[in-house]
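Student: I am new to this structure and would like to go through parts of it. Could we begin with the strands?
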Amino acid sequence: MHQPIEYYLEQLEIPTELEGLERINHMIKKHLSLFAFSSTNVVLDRELPLDIESIVERLVERKQGGYCFEHNKLMQLALEQLGYQVRPILARVLLSGNEFNRRSHRLTILTWQGQEYIVDVGFGIGTPQEAIPLENREYHWQESHVRLQAIEGQDYRLEKLENDTVLTMYRFDLSETTEDDCDASHFYTHKFPQSNFVNSLVISKIHANKRQLVRRLEVFEYDDLGNETSSTITSAEQMHQVISQQLGLNVSQQEAKAVFEHQLQRAQ
């Protein structure tokens with residue numbers, strides 16, 4: 001029987017000559033292209049234990065996708081096994097505009113050669129595509145324009161810049177976060193009836209030249225020039241085709257039907 005972290009690292013196909021941040025950035029990009037962000041298991045009301053064996057089984061072996069508490073714990077433990085200094089933190093997601101949303105997004109703090117970075121492979125279609133130092137800096141990934149804003153060296157905001165608008169994706173500080181803290185937030189996020197992921201299907205995958213997104217019953221694709229195409233999912237059969245063939249999730253026709261009916265009910 002394989003060891004879960006070693007099996008995961010094998011899938012990332014890390015060139016032996018890569019070291020330091022180059023190795024980490026390869027891991028991030030490869031992870032995003034292989035393993036989809038998905039709330040499918042949450043919508044299907046499945047139990048989602050966070051031991052590493054269960055995470056690797058769902059994400060890597062069974063290709064069911066997952067969300068931040070799964071993706072970022074897996075990446076953190078892999079980096080830790082490779083000898084990097086890492087720890088978890090929880091951020092407040094601000095996509096709704098509410099500055100005081102609960103801390104519901106897990107990501108990783110990396111300390112490398114005296115500099116701290118965030119490593120995040122679990123924020124859906126807006127996921128950063130490299131390790132980001134905790135300093136004011138802007139980034140361009142495909143058509144995305146993103147910046148990290150450091151406020152007094154203590155509070156940080158990851159922002160998306162689009163035309164003349166600024167959308168804060170999440171904010172965080174560097175206060176201590178334990179695995180128990182993450183487990184409590186994970187439980188709320190995938191079980192509380194009013195949680196966004198309990199009610200809304202979100203699936204995404206980031207490739208080198210395109211990004212794919214399913215949000216509720218809508219499908220979007222963005223190329224590296226910023227062009228967008230979209231369509232509406234109108235049947236369980238189409239739902240299965242989109243999430244299994246286009247996004248590569250291992251979902252049965254019966255599961256796709258349950259997801260479609262769940263979303264159709266929420267849309268009424």
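Predicted model: local features only at pLDDT ≥ 70, side-chain atom pairs only at ≥ 80, totals over all residues.

Student: Which residue is the bridge partner of Lys-205 in strand 11?
Tutor: The partner of Lys-205 there is Gln-212.

Student: What is the order of the strands in the open sheet?
Tutor: The sheet has five strands in the order 1-10-11-12-13, with antiparallel pairing. Its edge strands are strand 1 (37-38) and strand 13 (228-232), each of which pairs on one side only.

Student: Where is Ser-200 placed?
Tutor: Ser-200 lies in the loop between helix 7 (196-199) and strand 10 (202-206).

Student: Is Ser-200 buried or exposed?
Tutor: Ser-200 has a relative accessible area of 8%. The cut-off for buried is under 20%, so Ser-200 counts as buried.

Student: Which residues does Ser-200 touch, not counting those up to four places away in sequence?
Tutor: Ser-200 touches Ser-39, Val-43, Arg-216 and Gln-263.

Student: On to helix 2. Which of its residues are buried?
Tutor: Gly-20, Ile-24, Asn-25, Met-27, Ile-28, His-31 and Leu-32 are the buried residues of helix 2. They cover an arc of only 155 degrees around the axis, so they are on the same side of helix 2.

Student: What do the buried residues of helix 2 pack against?
Tutor: They pack against helix 1 (4-12), helix 5 (68-81), strand 3 (103-112), strand 4 (115-119) and strand 10.

Student: How far apart are the end C-alpha atoms of helix 2?
Tutor: They are 22 Å apart, which agrees with the 21 Å that its 15 residues (20-34) should span at 1.5 Å a residue.

Note on methods:
Residues numbered from 1 in each chain as written. Heavy atoms only, no water. Helix = DSSP H or I, 4+ residues; strand = E, 2+ residues; numbered from the N terminus. Buried < 20%, exposed > 50% of the residue type's maximum accessible area, 1.4 Å probe, protein only. Contact = heavy atoms within 4.5 Å. Pairing = 2+ DSSP bridges. Expected span 1.5 Å × (residues − 1). Arc of directions from axis to C-beta.
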